[in-house]
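Me: Could you go through this model with me before I set anything up on it?

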Amino acid sequence: MSDDEDFMQESDDEQYDFEYEEDDDEDSGDVDIENKYYNAKQMKASDPEDAIAEFLGIPALESEKSEWGFKGLKQAIKLEYKLKKYDEAAEHYAELLTYVKSAVTRNYSEKSINNMLDHIEKGADGPEAILCMEKFYSLTLQSFQSTNNERLWLKTNLKLAKLLLDRKDYAAMRTKVHELHAACQLPDGSDDPSKGTYALEIYALEIQMLAETKNNKLLKALYQRALKVKSAVPHPRIMGIIRECGGKMHMSEENWKEAQGDFFESFRNYDEAGSLQRIQVLKYLLLTTMLMKSDINPFDSQETKPYKNDARISAMTELVDAYQRDDVHGYEKVLQQNQDILADPFIAENIDEVTRNMRTKGVVKLIAPYTRMKLEWIARQLKISEPEVEDILGFLIVDGKINGMINQQNGTLEITSNADAERIAALQSLTASISDLFTAVFNDGEGYRNMDQSAVEDQGLDMTGLARSAGLSSRGANRRKPRLGEMRAGDLAV
């Protein structure tokens, strides 16, 4: 029998008693705290006031700060904020921050604080809530500045900068952005590659500020700089913001093609991030399609195809369809029945250009068969004002797209017909060509000759030559021989 078998046999015969440390009191304390915490969680929905009292009672049961006290305070703060008890929430948040240094791990505390601030930000629906949120940010920065937690310091400052942007406090925003840029730079002033993600978030906030203040010169430079950041793996939402602002910048410069490219990239990033802003940006993309006067269907791409029948963009889709079919009345009808399209200031600012293009195409199509018509008739047909008709016609005449004049006294448009002028020009060209041909053939060349006639003429020339030769011969034969006395010296010589 082996040693292992001996051991197993002995273990069957003997029973071993293990001794435990006496810590029943400590265990019971932890159990009481845990039970109190979960009881309070069950009361959150039915009786939030009592749940707050239960959560706040947990720290008093602790002999020293622990994770349960941290969790209890966290739940109490969320409920107080929801019930608009902003002062109590801020007071207990300050108490919560005292647990960060010893009661919980650094990673857990950082994640919890960041989630807490996100929760507060989403629930900020009034001036008092915003002030409370700003106080939360201030308390967080004070707490983590002493712990040298740079990552949470950056995240909190970014949230504070966004709050300032939402409040349109641009002066404080510029100061905060400058402070953030300095934190993400190397001593030589260049961007720190290890903080590329934070740098892009700072650029996104600054680009939004410049877009709102219409500072296109600085916006363009910063936009190009942001696109050159390659050391970051940014959240798609951040790139969506940057691309959206870039598209708006190009729109202000009437660079429709670049704007369309940026809006498409912005939509793709927002879609990837699951942001609802993708719908608004898709509307901007449809707007640029009309401004480019493109016949390409914007829903042909794989990214946009799923949204073709989305009710939220149906009005813009109908506008694009009417525009590409040159259906002026259909376009106007869609615009009148969907005034909510103009609720977006950016669309309202640029849709006038699309409407003007649409009406211009309508005017050109309407007047094509006529040479003289009243401005009032054109206005009635297109359902627009007479001054606008006159303005559109003036533009078309100056641009050379129609050849005519406006008689303001009679309120008529008179089109100059080019038909007779074109016929006369064609006849003149034909006459000149015939004249050139005549000169080339009859003056400079031998002219046109009939081959048979030429042969007869050539034969006639030959017969004439022979006849002349024969004549000379016969005259020579018939010539009287001179008498001897009549011979001349020349004859003798011969």
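Me: What is the average pLDDT of the protein?
Reply: This is a predicted model, in which local features need pLDDT of at least 70 and side-chain atom pairs count only at pLDDT 80 or more, while totals for chains, interfaces and linings use all residues. Residues are numbered from 1 along each chain as its sequence is written, and side-chain values use heavy atoms, with hydrogens and water left out. The average pLDDT (the predictor's confidence in each residue, from 0 to 100) is 79, and 81% of the residues score at least 70.

Me: Where is pLDDT below 50?
Reply: Residues 1–28 are below 50, and this stretch has two contacts (heavy atoms within 4.5 Å) in the model beyond near neighbours in sequence. Residues 481–494 also stay under 50, with four contacts beyond four places in sequence.

Me: Switching to helices, how do the axes of H4 and H6 cross?
Reply: H4 (residues 67–82) and H6 (residues 106–122) have axes that come within 11 Å and cross at roughly 5 degrees; helices here are DSSP runs of H or I with at least four residues, numbered from the N terminus. The axes are lines fitted to C-alpha atoms over the stretch in contact, with angles running from 0 to 180 degrees between N-to-C directions. The two helices are therefore roughly parallel to each other, a term for angles under 35 degrees.

Me: And which residues make that contact?
Reply: On H4 they include Phe-70, Ile-77 and Tyr-81, and on H6 they include Tyr-108, Met-116 and Ile-120. By class, the contact of H4 with H6 has six nonpolar, three polar and four charged residues, where Ala, Val, Leu, Ile, Met, Phe, Trp, Tyr, Cys and Pro count as nonpolar, Asp, Glu, Lys and Arg as charged, and the others, Gly among them, as polar.

Me: What volume does the largest pocket have?
Reply: About 940 Å³, taken as the space filled by probe spheres set on grid points joined across faces, edges and corners. A pocket is an open set of points on a 1 Å grid over the protein atoms alone, where a 1.4 Å probe fits, with protein on both sides within 12 Å along at least five of seven lines, and lining residues have an atom within 4 Å of a point.

Me: Which residues lie nearest its centre?
Reply: Of the 29 lining residues, those are Asp-118, Glu-121, Lys-159, Lys-162 and Arg-237. The lining divides into 13 nonpolar, four polar and twelve charged residues.

Me: Which helix gives the most to the second largest pocket's lining?
Reply: H12, with seven residues.

How values were computed. Angles under 35 degrees count as roughly parallel, over 145 as roughly antiparallel, 65 to 115 as roughly perpendicular and the rest as oblique.
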